[in-house]
Amino acid sequence: MKTAAPLMLFNSLTRTLEPFVPLHVGEARVYTCGPTVYNYPHIGNMRAYVFADTLGRVLSYKGYKVTHVINITDVGHLTDDADAGEDKMEKMAAEKAQSIWDIARHYTEAYWADVKALNIRQPAHWSIATDYVPQMIEFAKSIADTHCYLLDSGLYFDTSTVANYGALARARTDGGEGRIEEVAGKRHAADFAIWRKTPASETRQMEWDSPWGRGAPGWHLECSVMSEALLGLPFDIHTGGIDHREIHHPNEIAQNQARCHSDDSGARYWMHNNFLIERSGKMSKSAGEFLRLQLLIDKGFHPLAYRLMCLQAHYRSELEFSWENLAAALVRLKRMVMGVTRLRDITAAHKGPVVELANFVDQFDSAVSNDLNTPEALLVLEAALASSAKDREVQIALVQKLDSVLGLNLFSLTRADLRIRPKSAVITEAEIEAALADRREARAAKDFAKSDAIRDDLIAKGVEVMDGDPLGWDWKLEI
Ligand code: AMP
Ligand code: ZN
């Protein structure tokens with residue numbers, strides 16, 4: 001076995017691959033921007049957490065003690081990432097005529113259910129933004145005199161007071177996105193709210209007293225405050241979707257620079273996942289029934305097929321969602337689960353030439369160490385599953401280890417778990433099995449008219465009979 005490959009990560013700050021060097025020996029401190037809990041997360045949002053989870057798992061595999069924080073944004077995020085638009089939480093609460101706290105609880109729990117279904121590891125801390133408002137006010141006070149200015153609408157960060165504002169986004173500091181008109185009196189287009197005063201004409205469900213009037217914190221403030229509180233500034237890695245590279249993270253960086261009186265961004269590595277895209281627009285939360293994980297489950301797909309679909313693409317590539325791609329990922333997952341079953345079957349004979357398992361370890365290590373190359377790591381896992389080794393127990397332990405890095409749960413899933421089970425099915429699995437048993441009997445008795453009639457009846461109920469299916473699915477429900 002070769003020595004372990006150095007872990008290389010793509011740092012959005014420098015737009016290059018860099019070796020991971022932790023700030024504290026043997027530790028990795030990671031902060032991930034979490035969801036705004038005004039609605040269900042769509043599957044694109046969940047790609048961001050599958051990515052962050054993969055990063056955490058790879059860091060653990062490479063021997064680091066990982067402290068991961070994911071926040072829950074229950075205050076402050078406007079319908080525009082900058083300072084325009086309405087507060088997402090207040091807007092949804094008004095639409096539903098519900099308490100904002102109930103909205104936040106409901107959608108936080110829905111998000112956590114998706115996290116669990118996708119086998120995303122629990123972080124060390126789920127930090128809830130509204131639990132940190134006093135710390136946000138303290139943070140804001142510490143930078144207010146040197147980096148902020150007060151307008152009627154609240155306290156604003158002056159982006160010209162820090163070095164290289166917007167370097168992460170590779171943006172020009174003069175903005176130019178037309179946002180300057182949105183808030184009267186802003187000095188620069190890119191300046192952003194640290195504290196938003198409640199206008200006299202408005203009532204808000206969530207507001208707090210502050211030295212700048214009663215109101216609510218600006219969205220960007222929470223992540224600087226919670227990452228400092230739970231990980232200490234600077235920390236190792238900050239993650240989020242690629243949209244955050246443009247506004248949210250440059251603003252966090254500016255706040256961190258102000259807070260630390262330095263040019264340091266506050267995190268050594270800024271990492272961003274690319275988007276999951278969907279052409280028909282169903283991923284938009286405003287599109288009525290949008291693509292959330294529960295929809296995939298209701299259509300009959302096991303959620304881990306979606307996790308595999310994410311891992312099949314590199315996190316920095318765009319990934320297009322389609323039901324066909326999801327179905328293909330499900331079949332691939334099923335083949336892997338069948339591979340594990342074969343491996344654990346002590347009566348099954350070895351096939352093919354005996355291979356050296358250490359090669360798989362090296363290949364897998366190189367793949368995940370190369371900026372989390374999960375598409376390649378999956379191929380290594382499949383090769384390890386399909387091979388014959390001298391010692392089956394060692395091979396099983398190896399596959400288990402590789403699976404624990406990719407989080408596909410291959411050792412607890414069964415082939416039956418992966419059967420497509422649409423919620424809309426009009427026939428139960430027991431009824432299908434009983435009809436197929438009758439059909440087998442009819443065929444044995446050469447009563448082909450009866451066998452065909454049973455098959456037609458099943459087709460009418462949305463069941464496709466697949467005699468001799470190589471994956472052992474002798475029937476399939478239509479989705
Ligand atoms: P939000 O709840 O809007 O703050 O988004 C939660 C996370 O999902 C953030 O890290 C976003 O950058 C990320 N995100 C949003 N849309 C997508 C998408 N289509 N594909 C991948 N990540 C996304
Ligand atoms: Zn954030």
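**Figure 1. The salt bridge between Arg214 and Glu207 in the predicted model.** In this predicted model, the side chains of Arg214 and Glu207 meet in a salt bridge with an N to O distance of 3.3 Å, where a salt bridge is defined as a side-chain nitrogen of Lys or Arg within 4 Å of a carboxyl oxygen of Asp or Glu. Arg214 is partly exposed at a relative accessible area of 39%, and Glu207 is likewise classed as partly exposed, at 22%; here buried means under 20% relative accessible area, exposed means over 50%, and partly exposed lies in between, with a 1.4 Å probe and protein chains only. Elsewhere, Arg439, Arg443, Arg455 and Asp467 are joined into one network by salt bridges that share partners. The search of the whole structure returns 24 salt bridges. Residues are numbered from 1 along each chain as its sequence is written, chains are lettered from A and ligands numbered from 1 in the order in which they are written, and side-chain values use heavy atoms, with hydrogens and water left out. Because the model is predicted, local features need pLDDT of at least 70 and side-chain atom pairs count only at pLDDT 80 or more, whereas totals for chains, interfaces and linings use all residues.

Figure 2. Asp53 forms a salt bridge with Arg307, with the closest N and O atoms 2.9 Å apart. Since Asp53 lies in helix α1 and Arg307 in helix α8 (residues 303-311), this pair ties together parts that are 254 residues apart in sequence; helices (H or I, at least four residues) and strands (E, at least two) are DSSP runs, numbered from the N terminus. Both Asp53 and Arg307 are buried. In the second pair, the side chains of Lys62 and Asp365 meet in a salt bridge at 2.9 Å, N to O. Lys62 belongs to the loop between α1 and β4 (65-72) and Asp365 to helix α10 (residues 357-369), so parts that are 303 residues apart in sequence are tied together. Lys62 and Asp365 are both buried.

**Figure 3. The zinc ion (ligand 2) and its three protein donors****.** The zinc ion is coordinated by Cys33 through SG, Cys223 through SG and His248 through NE2, at 2.0 to 2.2 Å. Donors are N, O and S atoms within 2.8 Å of the metal (3.2 Å for Na, K and Ca), and water is not among the atoms, so sites may look incomplete. Along the chain, the donors follow the spacing C-x189-C-x24-H. The two cysteines come from distant parts of the chain, 190 residues apart, with Cys33 in the loop between β3 (27-32) and α1 (43-61) and Cys223 in helix α5 (residues 219-231). Cys33 is buried at a relative accessible area of 6%, and Cys223 is buried at 1%.

**Figure 4. The surroundings of ligand 1.** There are 18 residues around ligand 1, among which Thr36, Gly44, Gly241, Asp243 and Leu276 come nearest; a residue is counted as near if one of its heavy atoms lies within 4 Å. A polar side-chain atom of Asp243 lies 2.4 Å from an oxygen atom of ligand 1, while an N or O atom in the side chain of Asn45 is 3.1 Å from an oxygen atom of the ligand. A polar backbone atom of Leu276 is 2.8 Å from a nitrogen atom of ligand 1. The protein covers 93% of the 500 Å² of accessible area that ligand 1 has on its own, with areas taken from the Shrake-Rupley method with a 1.4 Å probe.

Figure 5. The peptide bond from Leu233 to Pro234 is cis, with omega near -5°, and Pro234 is placed in the loop between α5 and β10 (235-241). Ala97, a residue other than glycine, has a positive phi near 50° and lies in the loop between α2 (88-96) and α3 (100-117). Asp371, also not a glycine, has a positive phi of about 55° and is found in the loop between α10 and α11 (374-386).

Technical notes. Polar contact = N/O pair within 3.5 Å; in protein donor to acceptor, adjacent residues only side chain to side chain.
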